[in-house]
Amino acid sequence: MGLVCSTAQLACLCGSTACSFCCSQCPSCRNSTSTRIMYALLLLLGTIAACITLAPGLQNALKKVPFCANSSNYVPSEVTLDCQSAVGYLAVYRICFILALYFFLMSIIMIRVKSSRDPRAPIQNGFWAIKYLLIIGGIIGAFFIPERSFGSTWMYFGMLGGFLFIIIQLILIVDFAHSWADAWVGNYEETESKGWYAALLSATFFNYAVAVGAVTALFIYYTHADSCDENKFFISFNLILCVITSIISILPTVQEHQPRSGLLQSSVVTLYVVYLTWSGISNSPVRECNPGFIPGLSSHDVATQNRVAFDKESIIGLIIWFSCVLYSSLRTASKSSKITMSENVLVQDNGAVRNAGEQALIGNEVEGRNPDAESGNDAKVWDNEEEKVAYNWSFFHLMFALATLYVMMTLTNWYKPNSTLDTLNANNASMWVKIISSWMCLGLYVWSLLAPVIFPNRDFS
């Protein structure tokens, strides 16, 4: 429903006639939901634009952009750099720079907004045409920024922001795992249906089977019998941690405080940790231990040294990224949010009811509707934040700014535009970012299991 309402809001960019027609065909929804989805669509469109710049067919056209023409000092003269190929990465940096800057500014503007009665509320919930025009104009202007050290400097901001978003992504994934298990176990307990029980077992077995298969593939392709000790350590250590975490999830003490805790959550977390491990070691700069290694600036083949490395790992990363963005836009905080700390990320149920005052006077109204709505005179998107915001507007934009930086690093394969690097997709720093993130994911999940045990007097329900 929220997506339909947001589509209607997007139609408002085309004029009042399109807006009126679309809104008349849409069901009503909360303003908090519609607005968050609109920003998610804005971020998605920006990501699509960044992906387009990586298309091989556009490299000839992009070679003529101003920053490419002004990038003669980009690297030392003795190093050959084919701007026709590298320009795709640098274009992604500029598009995401404007998107991140926009969300950062919105985050600052929305600090300490308590309700939609605040004068800044229209900026948050409206003026979509102006917002799109500002972003488009900013992106065009960003292509005139001389390269020099812009790419290498902005890369550090991207790596820091990407790491911070991975932490938020971990929170969302752990919350999703708890919510999924809570819903299915609850359905099984209420109905005692063997179908739900079979679904629980099947999902758990499938996740663990994929994880075991992936770990086996990592040992085959990313290690050798007499070398690659670092990769062997990362894979083995994370595998051991996943086994320990799974055992903790079914301990009697944990089950006593969280009866619906179990292997389904652990299987989801294990699968994500295996992905982070793969993503980390795929950024290893050790040539013989990385089958995806791309020869870099030392190569005499200019086309090879600068070709875009948009591989399977990046595609999976983008799918997980957008799933988390969409989940954070649509999901309402549940009882697991207090444990996973996602109550600050997801929409809170602030108890607002549409036309609450009128419903108190008119007992025969259907919830969420009023007589005007039946005649088509009622607003389709209704304000549920007049008394209290349903989510932290400032933190929401900060999260989307970090999401922009994460997708920038994912699209460019965490590429460091620096002449000291020998590869386009091998970066020791990015490898450690992913590996440390995998440990943080397991730590966060274990905390969500042990917190009710350690603090029995605290209400986590």
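Tutor: What follows begins with the chain as a whole, moves to the core and the helices packed around it, and ends with a few residues in loops.

Please keep in mind throughout that this is a predicted model. The chain has 20 helices and 2 strands, and of its 461 residues 51% count as buried. Among the contacts with a separation of 6 or more, 79% are between residues 24 or more positions apart.

With that setting in mind, we can turn to the core. The largest nonpolar core has 97 residues, and the ones with the most contacts inside it are Tyr39, Tyr272, Trp321 and Phe400. Helix H9, which covers residues 150-191, gives this core its largest share, 14 residues.

When residues up to four places away in sequence are not counted, Tyr39 touches Tyr102, Phe103, Met106, Ile123, Gln124, Trp128, Lys131, Phe396, His397 and Phe400. Phe400, then, is one of the residues in contact with Tyr39, and Phe400 is also listed with Tyr39 among the residues with the most contacts in the core. Helix H3 runs over residues 31-52, and at 1.5 Å a residue its 22 residues should span 32 Å, which agrees with the 32 Å between its end C-alpha atoms. Because 16 of the 22 residues of H3 are buried, this helix is largely enclosed by the rest of the structure.

The next pair to follow is H15 and H19. The axes of helix H15 (residues 312-330) and H19 come within 10 Å and cross at roughly 170°, and therefore H15 is roughly antiparallel to H19. Their crossing is left-handed. On the H15 side the contact is made by Ser314, Gly317, Leu318, Trp321, Val325, Ser328 and Ser329, while H19 contributes Met399, Phe400, Ala403, Tyr406, Val407, Thr410 and Leu411.

From H9 the contact draws on Trp154, Met155, Phe157, Gly158, Met159, Gly161, Gly162, Leu164, Phe165, Ile166, Ile168 and Gln169, and from H19 on Phe395, Met399, Leu402, Ala403, Leu405, Tyr406, Met408 and Met409.

Helix H13 (residues 263-281) has 19 residues and reaches 26 Å from its first C-alpha to its last, close to the 27 Å expected at 1.5 Å a residue. H13 is mostly covered, with 17 of its 19 residues buried. H13 and helix H20 (residues 428-454) pack at an angle of about 170°, their axes 7 Å apart, and therefore the two are roughly antiparallel to each other. H13 passes H20 in a left-handed crossing. Tyr272 is one of the H13 residues at this meeting, together with others including Val269, Val273 and Leu276, and the H20 residues that they meet include Met431, Ile435, Leu442 and Tyr445.

Val433 is found in helix H20, and it counts as buried because its relative accessibility is 11%, where the cut-off for buried is under 20%. The C-alpha atoms of Val433 and Leu276 are separated by 9.5 Å, although the two residues are 157 residues apart along the chain. Leaving aside neighbours within four places in sequence, Val433 is in contact with Met159, Phe163, Ile166 and Trp414.

Finally, we can look at some loop residues. Arg112 lies in the loop between helix H6 (83-109) and helix H7 (121-125); its phi is near 65°, a positive value in a residue other than glycine, and at 65% relative accessibility it counts as exposed. Phe127, in the loop between H7 and helix H8 (128-142), likewise has a positive phi, of about 60°, although it is not a glycine. Ile250 is placed in the loop between helix H11 (229-249) and helix H12 (252-257), and it is partly exposed, with a relative accessible area of 44%.

Methods
Residues numbered from 1 in each chain as written. Predicted model: local features only at pLDDT ≥ 70, side-chain atom pairs only at ≥ 80, totals over all residues. Heavy atoms only, no water. Core = buried A, V, L, I, M, F, W, Y, C linked by side-chain atoms within 4.5 Å. Buried < 20%, exposed > 50% of the residue type's maximum accessible area, 1.4 Å probe, protein only. Helix = DSSP H or I, 4+ residues; strand = E, 2+ residues; numbered from the N terminus. Contact = heavy atoms within 4.5 Å. Expected span 1.5 Å × (residues − 1). Axes fitted to C-alpha atoms, helices over the stretch in contact; angles between N-to-C directions. Parallel < 35°, antiparallel > 145°, perpendicular 65-115°, else oblique. Left-handed = near helix turned anticlockwise from the far one by under 90°.
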